[in-house]
Amino acid sequence: MSRNQTSSRNRICQEEDNILPISSTRLELVSDKVLASELSQTTELHPCDSTLSYRKLYDELPSINFTLDANGIILSINRFGASKLGYTKEELLYQPIFKLFASNEREKLASLILNLFKVSGTGVVSSEYRLNCPNSKIVWVKATAQIFSSSANPVVVLVFEDITQFHDLKEAYNECEQRFKTIANSAPIMLWTSNSNGMYDFFNEFWLEFTGCALEQVRGIGWLEHVHIDDKINCLQTYYSALNAKTKFDMEYRLQRASGQYCWVSDTGIPRFTASGEFSGYVGCCVDISQYKTIELVREQSESEKKLQVSEIEKLNRLKDEFLSTVSHELRTPLTNMKMAIQMLGITLNMNVDASHALENRIQHSEAKAARYFQILNNECEREINLISNFLDLQKLDINSKPLVLETVHIKEWVVKVVGLFKARNRNSLSNLYVDVAPDLPQLVSDPFSLERILIELLTNACKFSPADEEIIVSARLKSQDIELRVTNTGVEIPASELPRIFDKFYRIPSNDPWKQGGTGLGLALVQKLTKCLGGSIEVESASNRTCFTLLIPINSNGCNG
């Protein structure tokens, strides 16, 4: 290299020093890694070339970098940074850094620089500031400062980070928060918010008035002091379980009012998220539900009382059933003895019930009276025995204590047998009785004793109220999965107004016993109960001088369900 070239380089360095008379300390922002890289690539680099290279690199760093003296005077700034702030380097050199900041921020920045020199070491401090650079889009910066003391006069290295966009979002968020709090404070319900850590940071005025608390008392987890001691654990478990999952929650607890009394509230929390999807806490609403809780408590007490009443009624019914069963048994025993005595009396008088009318023609007047009295006594005793027997059977069915004995029943043979038995017992009062059974009926699995009792009662009822020479027809058909049994009698009709009560206990149709045969009033009630016990149903229809009882019995009975 010629002497002229060397002289030229030195002149350039001197000129650059005149423009920027700062020692090498101004370049401390260039990292050691960059220095090593540059030196390794330039083995024979003149000192002036190295300085120019690093200055150019410093100028073009995509950040805003300053060096300041202890008074805040700008000793250097990179060209990129000056441009971002809307200035040239020359406009900023040797100017106070404070003129770049809003007036209300300058004292804060001066304190930061002053504190750096008071603290020993090379600590790093940072804070956010508002700028006052009319030609720049940068409004807010995060300023990070550090002292470098490698020379006799320590300098402050200051780096700006543009946070205008984030600060605008923060201001918008704060404005939104403030607007929410303003609205919340005028709302007639209790509202609160919490931060992302789960700490409660706001309660509206209605909440504070309701509890009589100051905001400072209930922030964080202070609100729990006003929750009933028995509800605190459940509240904490519910809240922190939702907080960990960042989901909505609902909980009910007792909250202490300003008066000192506790009331029930329903507390609902909704999670909040930022525009970027980050969880920022909860917004919640508490509603006083004391009135509803009181109603619920009254309802529960009412339900409890109802259950107690039902239990008492069931107990009384059991006692009643036991009493009636005992009384019925006690009544039936002397009646059975009376019946036996009447039969023995008949033998003594050489008469019986079936031959009583024939005997009346053979005996004297006094004997005729005795025969009449005997007949009345015999009939009434029989009626009383039937009444008690029917009543006992109904009691057993009411408490489901009468077991079914299931057998296979051949319908046609069974119907013929029962009708024949009925004819044998009722020779003197029998109308024209016919049987009509469809061929090829399937076998029936049921309780034959209960079926026989049903059919006998229906035939007795039909025979009792049918005029002479009228017909009684017993029919059997297959209807779906049921056997349909019908007992139809002609010459009599039940008024439509009486049909709904026909199966009631002790009910007898007024003026519908032309032959004055009487009855227990339990026969049809027993028929209905036995039918239900077999899993079947019974209906009655009466019109056009004809009455028909229709019985449906399932082919396979499963037992008593009545």
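**Salt bridges, a sheet and a ring cluster**

The model is predicted, so local features need pLDDT of at least 70 and side-chain atom pairs count only at pLDDT 80 or more, while totals for chains, interfaces and linings use all residues. Residues are numbered from 1 along each chain as its sequence is written, and side-chain values use heavy atoms, with hydrogens and water left out.

Back to D288. Which side chain does D288 meet in a salt bridge? The partner is R257, at 3.8 Å from N to O. A salt bridge here is a side-chain nitrogen of Lys or Arg within 4 Å of a carboxyl oxygen of Asp or Glu. This pair links distant parts of the chain, 31 residues apart: D288 is in strand 10, and R257 is in the loop between strand 8 and strand 9. Helices (H or I, at least four residues) and strands (E, at least two) are DSSP runs, numbered from the N terminus. R257 is also partly exposed, at 33% relative accessibility.

Five strands form an open sheet, in the order 7-6-10-9-8, with antiparallel pairing; two strands pair if DSSP finds at least two bridges between them. From one strand to the next, the twist averages 25 degrees. Strand 9 (residues 262-273) pairs with strand 10 (residues 279-288) over nine bridges, in the antiparallel sense. I270 has V283 in strand 10 as its bridge partner.

What lies across strand 6, strand 7, strand 8 and strand 10? Helix 10 (residues 232-245) does, running at about 150 degrees to strand 8. Contact means heavy atoms within 4.5 Å. Axes are lines fitted to C-alpha atoms, for helices over the stretch in contact, and angles run from 0 to 180 degrees between N-to-C directions.

Now the rings. The whole structure holds 17 aromatic pairs. Rings of Phe, Tyr and Trp (its six-membered ring) pair if their centres lie within 6.5 Å; planes under 30 degrees apart count as stacked, over 60 as edge-to-face and the rest as tilted. Y239 and F249 have ring centres 5.5 Å apart and planes at 85 degrees, so this pair is edge-to-face. Y239 is in helix 10 and F249 in strand 8, so the pair ties together parts that are 10 residues apart in sequence. Y239 and F249 are both buried.

Y239 also pairs with Y282: the ring centres are 5.9 Å apart and the planes at 50 degrees, so this pair is tilted. Y282 lies in strand 10 and Y239 in helix 10, so here the tied parts are 43 residues apart in sequence. Both Y239 and Y282 are buried. These residues belong to a cluster linked by ring pairs, which includes W192, Y200 and Y253.

Last, salt bridges elsewhere. The count is nine salt bridges. One of them joins D436 and R477, with the closest N and O atoms 2.8 Å apart. D436 is in strand 12 (residues 432-437) and R477 in strand 14 (residues 471-479), 41 residues apart. K479 forms a salt bridge with E484, at 3.9 Å between the closest N and O atoms. Is E484 buried or exposed? At 11% relative accessibility, E484 counts as buried, whereas K479, at 45%, counts as partly exposed.

Methods
Buried < 20%, exposed > 50% of the residue type's maximum accessible area, 1.4 Å probe, protein only.
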